[in-house]
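The entries follow in the order I made them.

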Amino acid sequence: MEISTIMTTAPVIPVLVIDHLEQAEPLAQALVAGGLPILEVTLRTPAGLAAVEAMSRVEGAIVGVGTVLQPAQFAQARDAGAQFAVTPGLTPRLAAAALGSGLALLPGIATPAELIAAQEWGFQHVKFFPAQQAGGIPMLQALAGPFPETRFCPTGGVNAANARDFLSLPNVLCVGGSWVAPKDKLAAGDWAGIEQLARAAAGLR
């Protein structure tokens with residue numbers, strides 16, 4: 001699947017930190033039911049790869065991995081059923097491993113120099129991270145001038161209150177955020193509450 005298709009399927013890509021494997025399948029079901037089928041499972045916990053495998057079995061879910069920091073993680077994610085990968089930054093080793101894995105990649109950038117480096121590897125769709133700390137909406141507006149063909153997924157400090165403002169920018173296709181699956185609702189198994197948050201996020205466009 002092309003990264004452009006992934007970024008235009010829904011306005012919000014949930015950034016998911018899963019501590020317990022048993023949360024994975026009902027969480028995916030709730031998010032998909034709420035209209036958010038693109039799911040980014042971060043590799044920040046030991047349960048990450050197993051959660052990708054479990055969520056990939058949920059009908060309608062398009063599952064990827066986030067917080068990819070090591071080249072070997074691309075093949076591991078692909079073998080677990082991931083269809084795309086997201087990195088907080090990009091290095092030559094990560095870019096080469098991603099291209100070799102067959103996974104669609106959304107590489108992270110925070111500066112013009114990093115964006116130029118990503119373009120040299122052929123990436124015109126990027127994650128702007130950390131979005132708020134790296135300049136937020138004014139920075140994205142500034143980047144539109146010298147990089148008119150680049151499309152962004154701002155992540156980091158994006159929430160229900162400001163997501164619509166980011167999405168109103170012509171060079172923003174979607175946003176990434178964790179507010180649709182908050183820790184308290186995950187811990188409580190409040191899947192109906194998460195579905196409601198997802199439905200609200202899906203209507204932001």
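**Entry 1: K185 and D190.** I looked up K185 and found it partly exposed, at 22% relative accessibility. For the cut-offs, I noted that buried means under 20% relative accessible area, exposed means over 50%, and partly exposed lies in between, with a 1.4 Å probe and protein chains only. The side chain of K185 meets that of D190 in a salt bridge, with 3.3 Å from N to O. I wrote down the term as well: a salt bridge is a side-chain nitrogen of Lys or Arg within 4 Å of a carboxyl oxygen of Asp or Glu. D190 is partly exposed, with a relative accessible area of 27%.

**Entry 2: what I am reading.** This is a predicted model, in which local features need pLDDT of at least 70 and side-chain atom pairs count only at pLDDT 80 or more, while totals for chains, interfaces and linings use all residues. Residues are numbered from 1 along each chain as its sequence is written, and side-chain values use heavy atoms, leaving out hydrogens and water.

**Entry 3: the salt bridge count.** How many salt bridges does a search of the whole structure find? I got three. Side chains of opposite charge can pair when their charged atoms come close.

**Entry 4: E195 and R199.** I found a salt bridge between the side chains of E195 and R199, at 2.8 Å from N to O. The two residues are four apart in helix α10 (residues 191-202), so about one helical turn separates them. Helices here are DSSP runs of H or I with at least four residues, numbered from the N terminus. I read E195 as partly exposed at 24% relative accessibility. R199 is partly exposed too, with a relative accessible area of 45%.

**Entry 5: R78 and D79.** R78 and D79 join their side chains in a salt bridge of 3.3 Å, N to O. Is each residue buried or exposed? R78 counts as partly exposed, at 36% relative accessibility, whereas D79 counts as exposed, at 62%.

**Entry 6: cysteines.** I searched for disulfides, meaning pairs of cysteine sulfur atoms within 2.5 Å, and the structure holds zero. C153 is buried, with a relative accessible area of 2%. C174 is buried as well, at 0% relative accessibility.
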